[in-house]
Amino acid sequence: MSIFSPPRYQPPFSPAQRESTAMRAFTAFEKSIKGALFGCRMCGNCILQETAFICPMTCPKGLRNGLCGGATPEQCEVDPSRPCTWYAIYERAEKMGRLDKLLEINAPIDGNRAGHETWIDMVRHWRDREEKPHLLDLLRDRDKFNEEWDKFFYDLRQPDWWQGDAEYHPPTYDEPISLLEANLRTGAFVTTAEIAPPLGASGAIISKKAGWLKGQVAAANFTDNASASARMNSMASSQICQQSGLEAVMQLQARDRSRVIIEADAMGAAGLGIRNILCLSGDHHRFGPTPMVKPDQFDMDAVQVLWMLRRMRDDGIYLDGRAIKRRPMWFLGAAGSPYGANPKFEAIRAEKKINAGAQFIQTQPIFDYDRFTDWLEALDKRNLLDKVYLLPGLIPLKSARAAHFMAGDVPGVVIPPELLKRMDAAGDKDGQAEEGIAIALEMIEKLKNTPGLNGMHIMAVHWEAIVPRLVEEADLPRPLYQDWPIPKEDPAEETAVSVA
Ligand code: SF4
């Protein structure tokens with residue numbers, strides 16, 4: 001049990017290579033102190049300076065850049081018997097006046113350093129610095145001390161192959177990369193929808209559903225083994241959808257993927273003409289039906305995936321520094337969680353995703369409009385609304401049972417009791433479905449009239465046939481651009497790219 005961090009969820013790392021007896025003894029000594037104080041897992045890539053001196057690796061997902069969508073003030077979504085590590089970090093950072101420190105984009109772990117001591121490393125780093133201030137000068141000048149302190153630890157925690165920062169990096173291209181981006185740039189209210197990838201091997205069902213949605217929505221999302229439950233993968237589903245004439249948003253989650261596989265999968269998607277990628281950390285295996293896999297399921301988190309893919313696109317480099325001759329064209333997205341944690345903390349997380357590379361955000365489903373606008377205001381206070389396209393999520397409730405399941409068992413979803421009561425009182429199956437549609441239409445009306453939003457994202461959860469009716473009855477604008485090539489403002493010129 002540590003003094004400052006919530007209890008450690010996973011065992012400490014061990015060095016990959018055997019070390020000398022003296023070094024092992026020193027590592028054990030460091031581990032005993034840092035373990036007792038910070039719950040340290042000895043990841044060897046210490047970012048305690050960033051995280052208000054609470055070890056982020058005590059988070060069951062090992063997230064190094066902020067909380068996940070299911071975090072609540074009371075408990076961790078993976079292990080409800082413990083508090084959320086990241087909630088503790090935000091609260092402590094706020095008390096210490098260090099909230100803005102949480103904006104720096106931290107690197108994934110360098111496995112070569114995992115399990116090693118870090119104190120000797122710090123001494124070596126100080127010794128090897130070329131331009132070192134004199135210690136006495138530092139003691140005399142507080143500002144200089146703070147500046148040198150920050151620089152020293154920045155160099156330690158940001159390896160050359162990562163160089164994360166806390167800045168916004170606007171995309172470096174001019175013409176829209178995808179139809180979705182082109183539609184969002186028109187300023188119209190843009191609708192996207194989700195198609196559930198099939199459990200079986202037939203792609204015909206995707207083509208059929210894409211046919212229902214073509215002309216109604218700008219693009220269709222394909223989840224990536226959501227709830228840690230296997231289905232047809234997101235890339236194949238997206239490709240089948242695009243071949244059926246509807247642009248896809250491929251969801252790409254970090255769970256179960258190493259950094260190399262994430263780069264390779266994203267590049268494969270680019271090769272197939274998939275232009276929209278929504279980057280996620282992913283649901284923990286606790287939520288899946290299969291026996292739980294090993295504790296460490298996450299090599300990267302959503303922020304890191306965005307940072308890595310944006311640099312592949314805009315800087316033309318892989319994480320290992322190799323140059324990319326023909327750069328991938330991706331319009332990058334992220335997920336937003338209006339109900340996860342305190343809106344001001346969620347806004348920091350959203351800012352981090354936007355700084356890393358998110359150009360659009362699709363959120364968890366909105367049922368509680370007032371709490372949603374709290375989140376929106378928190379984003380506005382951080383001046384984020386001009387930097388990202390916001391598409392709040394909407395789920396039409398098909399039955400009272402589904403509504404209760406979502407309210408009780410799906411992390412990050414909040415359904416007000418009065419809506420549950422309406423669903424309960426709606427009578428038989430058909431009555432409940434009609435009530436769910438009525439609730440959805442009421443919410444669409446509110447969202448359409450909310451400043452700061454750029455559209456909405458309908459997640460009909462195996463009820464995709466309802467989407468055209470919602471679009472029709474809510475009088476949602478149809479997408480202006482539905483086919484490649486996207487006409488340029490000057491119609492004499494046209495982009496020479498094709499989706500499939
Ligand atoms: S709720 Fe999420 S972010 Fe918080 S400790 Fe649990 S897994 Fe980590």
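Author: Let us start with P396, which counts as buried because 24 C-beta neighbours sit inside 10 Å. Please keep in mind that this is a predicted model.

Reader: What makes P396 "buried" rather than "exposed"?

Author: The cut-off for buried is 20 or more other C-beta atoms within 10 Å.

Reader: How do you know that the radius of gyration agrees with a compact globule?

Author: For 500 residues, a compact globule would have a radius of gyration near 23 Å, and the chain has 24 Å, so the two agree. The C-alpha trace spans about 70 × 60 × 45 Å along its principal axes. The chain has 16 helices and 8 strands, and 46% of its 500 residues count as buried.

Reader: Why is the largest nonpolar core called a core?

Author: The name applies because its members are buried residues of the nonpolar kinds listed for a core, joined through C-beta atoms within 7 Å. Here that set has 124 residues, and A220, I277, C279, V305, L306 and L309 have the most contacts inside it. Helix α10 (residues 302-314) gives the most to this core, with 8 residues. Domain 1 (21-157) and domain 2 (179-473) each supply at least three residues to this core.

Reader: What does L306 touch, not counting residues up to four places away in sequence?

Author: The partners of L306, with that same exclusion, are C279, L332, A334, K353, A356, G357 and A358.

Reader: What makes you say that domain 1 and domain 2 are in contact?

Author: Contact calls for C-beta atoms within 7 Å. By that test, 23 residues of domain 1 are in contact with 26 residues of domain 2. The side of domain 1 that touches domain 2 has 14 nonpolar, 6 polar and 3 charged residues. The C-alpha centres of domain 1 and domain 2 are 31 Å apart.

Reader: Which residues come nearest to the ligand?

Author: C59, C68, A71, C76 and C84 come nearest, out of 14 residues around the ligand. This shell divides into 10 nonpolar, 2 polar and 2 charged residues.

Methods: Residues are numbered from 1 along each chain as its sequence is written. This is a predicted model: local features need pLDDT of at least 70, side-chain atom pairs count only at pLDDT 80 or more; totals for chains, interfaces and linings use all residues. A residue is near a molecule or strand if its C-beta atom, placed from the backbone, lies within 6 Å of it. Ala, Val, Leu, Ile, Met, Phe, Trp, Tyr, Cys and Pro count as nonpolar, Asp, Glu, Lys and Arg as charged, and the others, Gly among them, as polar. Helices (H or I, at least four residues) and strands (E, at least two) are DSSP runs, numbered from the N terminus. The radius of gyration is taken over C-alpha atoms; the globule rule is 2.2 Å times the number of residues to the power 0.38. A residue is buried if 20 or more other C-beta atoms lie within 10 Å of its own, exposed if 12 or fewer, and partly exposed in between; C-beta atoms are placed from the backbone. Domain bounds come from an automatic or database domain assignment. Two residues are in contact if their C-beta atoms, placed from the backbone, lie within 7 Å.
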